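This report describes a ligand site and some of the residues around it. Please look at the sequence and the structure below before reading on.

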Amino acid sequence: MYNNIVILTGAGISAESGISTFRDSGGLWANYRVEDVATPEGFDRNPDLVHNFYNKRRSELASVRPNEAHIALVALELNIKGSVLVVTQNVDDLHERAGSQNLLHMHGELLKVRCERCGEVIRTHESFNKDSVCQSCKRSGGLRPDIVWFGELPKYMDEISFALAGCDLFISIGTSGAVYPAAGFVQVARGAGAHTVELNLERSEGASLFHERIYGKATEVVPKYVKELLM
Ligand code: NAD
């Protein structure tokens with residue numbers, strides 16, 4: 001029935017795998033200020049604090065697994081006749097570990113660091129500090145998490161805009177709708193004539209912009225919604 005599906009995911013899809021969402025009280029983020037660990041200025045002020053924050057989150061990936069919601073999106077990609085693009089705001093690797101193929105990490109990836117001296121992006125499970133040496137240019141002090149921080153431009157915006165302009169179904173999963181430009185994708189998709197659906201634990205900030213809204217845990221509502229799409 002649908003030929004071009006774009007799915008936006010946020011921290012809520014990974015919550016039941018055991019990764020804290022941004023807004024979880026008591027989660028990893030509760031002990032840090034966003035300005036300190038998720039801005040370029042925070043990194044300039046205290047690179048070791050920021051490296052430690054992402055080192056912890058990178059090592060946490062070893063103890064979590066994709067859940068039924070990640071897996072359902074793979075089933076959709078494999079079994080629907082049209083195309084499925086997953087655009088994730090998440091920096092974890094659970095979509096790719098579940099098996100998603102057509103996937104864009106618009107906010108970067110925990111398992112990548114970038115050298116600001118030579119531009120090399122390295123995929124890694126290791127930990128870093130402000131003196132770590134780039135394996136490409138052999139210089140120290142230039143490595144940073146390849147994460148899009150507040151005030152920086154998201155990645156793949158051309159590909160995402162192109163996909164949104166051509167989609168006939170847009171599904172938003174587990175995102176609070178508070179972080180732009182992702183929060184504005186629903187309006188772009190609507191403008192393109194797509195049917196728009198929100199699957200979330202609770203109403204997001206932009207809930208009224210969606211044609212259809214289904215609330216519940218991602219591991220319950222996503223597999224159910226995918227099953228209906230595939231019927
Ligand atoms: P958010 O924390 O702002 O919102 C999470 C949303 O998920 C909320 O609306 C919440 O109601 C919903 N949610 C929580 N548990 C859920 C569940 N079990 N099932 C379904 N929905 C559930 O996260 P966001 O909207 O993704 O934006 C915050 C920013 O923080 C993003 O830029 C993202 O890069 C970053 N972030 C990423 C991760 C990750 O990689 N897993 C984790 C935390 C934050």
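## Ala 218

Leaving aside residues up to four places away in sequence, Ala 218 touches Gly 12, Ile 13, Glu 16, Ala 69 and Pro 223; contact means heavy atoms within 4.5 Å. Ala 218 lies in helix α9, which covers residues 218-230. Helices are DSSP runs of H or I with at least four residues, strands are DSSP runs of E with at least two, and both are numbered from the N terminus.

Ala 218 counts as buried because its relative accessible area is 9%. Buried means under 20% relative accessible area, exposed means over 50%, and partly exposed is in between, with a 1.4 Å probe and protein chains only. From C-alpha to C-alpha, Ala 218 and Glu 109 are 21 Å apart in space, and they are 109 residues apart in sequence.

## Basis of the model

The model is predicted: local features need pLDDT of at least 70, side-chain atom pairs count only at pLDDT 80 or more, and totals for chains, interfaces and linings use all residues. Residues are numbered from 1 along each chain as its sequence is written, and side-chain values use heavy atoms, with hydrogens and water left out.

## The ligand

The ligand is surrounded by 28 residues, and the closest are Arg 23, Gln 89, Val 91, Thr 175 and Ser 176; a residue is near a molecule if one of its heavy atoms lies within 4 Å of it. Helix α1 (residues 12-15) gives the most to this shell, with 3 residues.

A nitrogen atom of the ligand is 3.0 Å from an N or O atom in the side chain of Glu 16. Polar backbone atoms also face ligand oxygen atoms: one of Val 91 at 2.7 Å, and one of Gly 12 at 3.5 Å.

## Asn 90

Asn 90 is in the loop between β2 (83-88) and α6 (94-98). Its relative accessibility is 6%, so Asn 90 counts as buried. The residues that Asn 90 touches, not counting those up to four places away in sequence, include Thr 9, Gly 10, His 105 and Gly 108.

Ser 14 is also touched by Asn 90, and the two side chains make a polar contact at 3.4 Å. A polar contact is a pair of N or O atoms within 3.5 Å; within protein, one must be able to donate a hydrogen and the other to accept it, and residues adjacent in sequence count only if both atoms are side-chain atoms.

## Thr 21

Thr 21 is placed in the loop between α1 and α2 (34-37). Thr 21 counts as buried because its relative accessibility is 15%.
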